[in-house]
Amino acid sequence: MENTKSIEENGIAILKLKLSGCASVDKNIYENDKTPFTDGSLLLYSDDHYAKSHFEQEIRCQVKTTIDSKVKDNKEYRKLDRSTLKGYQRIGGQLLFVIWIKSSTNAYENQIFYQNLNSIYISRLLSSTNNKYPVIPLTEFPQNPDQQMKVLKQVALDLNNMKTYRSLSKRTDKPDRIVIPTYLLDPESFTKTMKNLENQTLTTYAIYDDHPEPIGVFTSDNVQKLEIGQEKIINFGAE
């Protein structure tokens, strides 16, 4: 019989250890947390002093640990029901970590995955299926602290910009500009870019008076590399 409490504790410990290289991140994630919908948060600072004046953003987190090998093999999580996901949406979304371990007595074999569960992502996920437990595609969390920070900054950016949105903006007036802010592109490697974007959704924003409003989304399926002469161009398609 697997020890559920031990599995959860192992998962939290593994995640904190994995994030130990991110010195500017205060890791407020707790074992046996009873707070509805979250297991704590990650606080992002401009440096490792954690001074109030250096605080940048908070990322709410949900941590799930599993010994189900299908999660690791298929990069999918199926244990969050619709009502739970709607709860996540009401609080403005959060970062989902899914930690796979071999067993409650063997956490040395492990792998960490994540998904950016912002409000628009959840809205699109729920509208795409009537299943009580929607399938959530997962992305492997990077090993390198610099790459980990890029993921955290991407999630923080989207969560911050989508606090008041549960669907794409319907405005028809011309914006000041249109941007695709992302930390997940690698200018040196298209292959690494596609790996970073695996199962992730990037959001296109229209900027009105310095205020971003989400107007479109796309995934790695909408990204294509074109080689024209000596130049390499990455094209983006959006819905």
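Residues 24 or more positions apart make up 63% of the contacts in the protein chain with a separation of 6 or more. Contact here means heavy atoms within 4.5 Å. This is a predicted model: local features need pLDDT of at least 70, side-chain atom pairs count only at pLDDT 80 or more, and totals for chains, interfaces and linings use all residues. Residues are numbered from 1 along each chain as its sequence is written, and side-chain values use heavy atoms, with hydrogens and water left out.

**Overall fold**

The protein chain holds six helices and 13 strands. Helices (H or I, at least four residues) and strands (E, at least two) are DSSP runs, numbered from the N terminus. The radius of gyration of the protein chain is 18 Å, close to the 18 Å that the globule rule gives for 239 residues, so the chain is as compact as a globular protein of that length. That radius is taken over C-alpha atoms, and the rule is 2.2 Å times the number of residues to the power 0.38. The C-alpha trace spans about 60 × 45 × 40 Å along its principal axes. Of the 239 residues, 44% count as buried. Buried means under 20% relative accessible area, with a 1.4 Å probe and protein chains only.

**The cores**

A nonpolar core is a set of buried Ala, Val, Leu, Ile, Met, Phe, Trp, Tyr and Cys residues joined through side-chain atoms within 4.5 Å. The largest has 32 residues. Leu15, Leu42, Ile59, Leu95, Phe97, Ile99 and Leu152 touch the most other members.

Ile59 is in contact with Gly40, Ser41, Leu42, Leu44, Leu95, Leu152, Val155, Ala156 and Leu159, leaving aside neighbours within four places in sequence. Another core, of 15 residues, lies apart from the largest one and includes Leu85, Tyr88, Tyr121 and Leu138.

**Helix α3**

Helix α3 covers residues 82–90. Its buried residues are Leu85, Gly87, Tyr88 and Gln89. Their cover includes β3, β5, β6, α4 (119–127) and β7 (136–137). Just after α3, Gly92 takes a positive phi of about 100°.

**Thr203**

Thr203 lies in strand β10 (residues 202–208). Thr203 is buried, with a relative accessible area of 3%. Not counting residues up to four places away in sequence, Thr203 touches Asp158, Met162, Val179, Ile180, Pro181, Pro214, Gly216 and Val217.

Technical notes:
Buried means under 20% relative accessible area, exposed over 50%, partly exposed in between (1.4 Å probe, protein chains only).
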